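The sequence and the model are shown first.

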Amino acid sequence: MTEISPVLPWKTKIALSALSALTDFSRRDDGTINRRLLSFFDFRASPSSTPIKGVKTADVTVDPSRNLWFRLFEPTQVPGGGEKLPVIVFFHGGGFAFLSPDNRAYDVACRRFARKVPAIVVSVNYRLSPEHRYPAQYEDGFDVLNYLDSHPPANADLSMCFLAGDSAGANIAHHVTVRACETTTFQEVKVVGLVAIQPFFGGEERTESEIRLEGSPLVSMRRTDWLWKAFLPEGADRDHVAANVSGIEKGRELSEMEFPATMVVVGGFDPLQDWQRRYCKWLERSGTEVRLVEYGNTIHAFYVFPELPEASLLFAEVKNFVEQHKKHRTTQTHYPSII
């Protein structure tokens with residue numbers, strides 16, 4: 001019999017069961033979500049100008065008409081000090097339909113990124129499906145980059161900007177990165193890296209990992225099918241370019257643009273892993289520098305459970321990736337070739 005989950009602590013099992021049940025009960029057959037039900041179990045963290053574990057936070061409004069805002073995480077205990085910090089623009093997961101930057105788990109995760117890297121973290125509150133379908137989430141992400149370009153946070157070096165996200169957030173980060181590569185209007189923002197943590201991609205095909213790991217925690221074909229239908233344009237199938245980025249409907253080739261170095265995280269018990277590996281191969285064929293990080297014993301969304309040992313390993317990997325490409329960018333900036 002095929003194992004569909006590693007051995008997990010009871011704390012993690014209970015949290016996964018509760019989260020799965022809550023999202024299942026909130027999804028209606030008519031394609032809508034019971035937001036009222038979710039609100040009773042949505043544990044949120046308030047911003048804090050007083051540092052908590054070495055990080056202070058603030059919520060910044062970009063466009064009140066669509067509730068577009070971000071939570072800003074600034075580390076206050078930076079070794080050495082004085083230097084401006086790289087920026088990580090982060091997009092939370094949740095299948096395009098759930099969660100937010102002030103969700104307690106994501107507040108903790110982004111606070112950890114800010115402290116461990118260290119970096120200024122901008123966690124984006126994008127519009128959710130099905131109330132707002134494609135391309136609303138991508139537009140919100142790009143508009144936050146535009147806002148940062150004209151309103152740079154204190155102590156932030158926007159020439160060392162990294163886009164990051166997990167699951168659906170990693171999908172958004174990819175598409176926003178593509179658009180950022182195509183724009184010529186940025187004065188300050190330079191995207192030098194992409195961190196895609198277990199990105200949510202898909203297609204009409206059923207992959208081997210989706211079939212083999214059906215019934216694993218959080219992710220199932222029944223759930224992902226519902227989420228794609230709620231997010232994609234009416235009438236579109238899962239081979240739409242938003243889902244199947246390297247598929248038959250793919251847009252402009254990445255080889256035609258200066259796509260940044262990309263780190264892709266894959267879990268051995270994540271049903272989406274085949275799509276994630278295809279993404280890596282597509283990036284490599286396009287000439288993009290790719291770092292594939294695999295954790296063979298991990299489930300989807302493992303890193304928001306700090307009790308899992310791989311969570312700490314991931315934060316260290318992200319720190320190394322940012323340090324490597326921050327140094328590369330600094331070398332390019334401060335030591336130009338002399339002809």
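## Asp225 and its partners

In this predicted model, Arg206 is partly exposed, since its relative accessibility is 33%. Arg206 forms a salt bridge with Asp225, and the closest N and O atoms lie 2.6 Å apart. The two residues belong to distant parts of the chain: Asp225 is in helix α7, whereas Arg206 is in the loop between β6 (191–197) and α6 (208–212), a separation of 19 residues.

Asp225 also meets Arg238 in a salt bridge, with an N to O distance of 3.4 Å. Because Asp225 lies in helix α7 and Arg238 in the loop between α7 and β7 (261–267), this pair ties together parts that are 13 residues apart in sequence. Asp225 has a relative accessibility of 23% and is therefore partly exposed. Arg238, by contrast, is buried, with a relative accessible area of 15%; the cut-off for burial is under 20%.

## A link between helices α7 and α1

Helix α7 also contributes Arg222. A salt bridge joins Arg222 to Asp24, the closest N and O atoms being 3.9 Å apart. Arg222 is in helix α7 (residues 221–231) and Asp24 in helix α1 (residues 10–26), so the pair connects parts that are 198 residues apart in sequence. Asp24 counts as partly exposed, at 23% relative accessibility.

Through salt bridges that share partners, Asp63, Arg66, Arg127, Glu139, Asp140 and Asp143 are joined into one network.

Terms used: Residues are numbered from 1 along each chain as its sequence is written. This is a predicted model: local features need pLDDT of at least 70, side-chain atom pairs count only at pLDDT 80 or more; totals for chains, interfaces and linings use all residues. Side-chain values use heavy atoms; hydrogens and water are left out. A salt bridge is a side-chain nitrogen of Lys or Arg within 4 Å of a carboxyl oxygen of Asp or Glu. Helices (H or I, at least four residues) and strands (E, at least two) are DSSP runs, numbered from the N terminus. Buried means under 20% relative accessible area, exposed over 50%, partly exposed in between (1.4 Å probe, protein chains only).
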